[in-house]
Amino acid sequence: VEPGIVKLVYSPVISRSHIMADALSQLLLADVGLSEEVAPWLWQGLPLALRADKTMEDMHRQLLPDLDTFLKDAQPELESAAAWAAVEYFKDQAGWDGLGRFVASLGRACRQGQCDDNTGLDLVLRSTLGMDATSFALAWKNDWSERLALVQNKLDGLLADRVSAVLAGDEDAFIRTVDASDLLLVNSERNWFVDLNQNPLETFELIGHPVTLYPNGDILANVTVRFQLASAEQDQRPENLQLTMLITQSGQGYRWAGVAMQTLSEGRLTIRYPEGESLLAEQLLADAGQMYTNLANRLEVSSPDPVVLELYPDRESYRASIGLSFPNASWLTAWSGAGTGIKIRMLPVGSVSDYHPNMVRQLGRQLLYQLDVENEWLLSGISDYL
């Protein structure tokens with residue numbers, strides 16, 4: 001095979017972008033003797049599948065909505081999502097090794113002149129997957145259609161159960177929708193539900209769509225929370241919160257697992273944080289560890305309980321994790337309750353030290369809870385004093 005040439009338009013970030021990797025993967029296909037005309041789905045889809053193997057969440061967010069639309073309407077401008085789905089289906093059936101053997105075999109068939117029509121593609125597909133090109137196209141479309149329909153149906157069922165429990169005031173039924181493996185989340189969800197008893201809802205609705213499908217059956221879903229408090233002004237419109245939530249597999253259904261976060265622990269403290277914020281999380285955890293030790297000494301708490309800090313990326317997810325009646329105010333950036341984690345909203349700019357006042361107050365509150373302090377004036381006053 002003659003050496004290939006890749007011509008790209010330069011940009012300062014070209015080495016860090018996907019453009020180089022995509023071009024090289026297509027060069028690989030060309031080097032073995034394949035062209036885009038032989039298998040357009042492979043030519044377009046392989047670079048996307050390689051990217052999705054490394055950055056699955058980002059790629060699924062980009063491609064799943066387009067794929068769903070393509071499967072329903074077959075819009076030509078969405079064919080890149082379809083090509084990715086075809087390669088993903090092939091990979092699911094034969095693995096990366098099987099896909100590699102398929103590429104090599106198809107390349108040999110093309111070099112032997114068998115790709116002027118579909119003869120070569122049909123021959124290699126039959127030897128690899130036991131189906132010709134037409135059957136393969138039908139198979140991957142049916143597989144993805146059924147998969148997305150099943151996921152959406154299970155997600156709709158979970159959200160319907162949560163809405164039904166909220167409107168009925170059934171706390172036990174509501175907690176049954178929560179991932180029971182995360183006790184901190186269960187406590188937080190109980191606190192969320194208790195808030196409804198004090199601030200009843202006039203309307204409540206949940207609408208969700210999957211945006212990431214994990215290999216273990218879990219998903220990420222974009223969820224719209226539409227609600228109106230009974231105490232709202234008569235002419236006030238319902239509020240909408242746009243959230244991205246982790247939904248975990250449980251038997252034949254799904255469970256609500258809160259905002260998807262990474263975890264880091266040191267000593268008695270754990271921090272949960274959004275993907276990509278590991279440096280901030282490490283700094284906050286180190287500072288919080290020193291604060292917690294100093295505060296425990298000042299309050300004479302000899303064996304302080306473990307504490308979890310939860311770092312939320314935006315105001316909506318932070319607010320929704322506390323309670324629907326929680327004020328939508330930019331200056332409210334930290335909160336904690338008895339049995340819950342310390343919830344901190346990420347600041348748009350600034351340094352780690354900007355988080356320190358909130359961390360001191362909330363770590364102080366957690367220690368006071370451990371001393372059975374319940375009066376709010378004491379909790380607020382002492383934590384502010386500290």
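Q: Why is the disulfide of C110 and C115 called left-handed?
A: The torsion about the S-S bond of C110 and C115 is about -80°, so this disulfide is left-handed. The model is predicted, with local features requiring pLDDT of at least 70 and side-chain atom pairs counting only at pLDDT 80 or more, while totals for chains, interfaces and linings use all residues. Residues are numbered from 1 along each chain as its sequence is written, and side-chain values use heavy atoms, without hydrogens and water.

Q: What makes C110 and C115 a disulfide?
A: The S to S distance is 2.0 Å, and a disulfide is a pair of cysteine sulfur atoms within 2.5 Å; therefore C110 and C115 are joined by a disulfide. The structure holds 1 disulfide.

Q: Are C110 and C115 buried or exposed?
A: Both are buried (under 20% relative accessible area, with exposed over 50% and partly exposed in between, for a 1.4 Å probe and protein chains only).

Q: How do you know that β3 and β4 pair?
A: Strands (E, at least two residues) are DSSP runs, numbered from the N terminus. Two strands pair if DSSP finds at least two bridges between them; β3 (residues 239–250) and β4 (residues 253–256) have 4 bridges, in the antiparallel sense.
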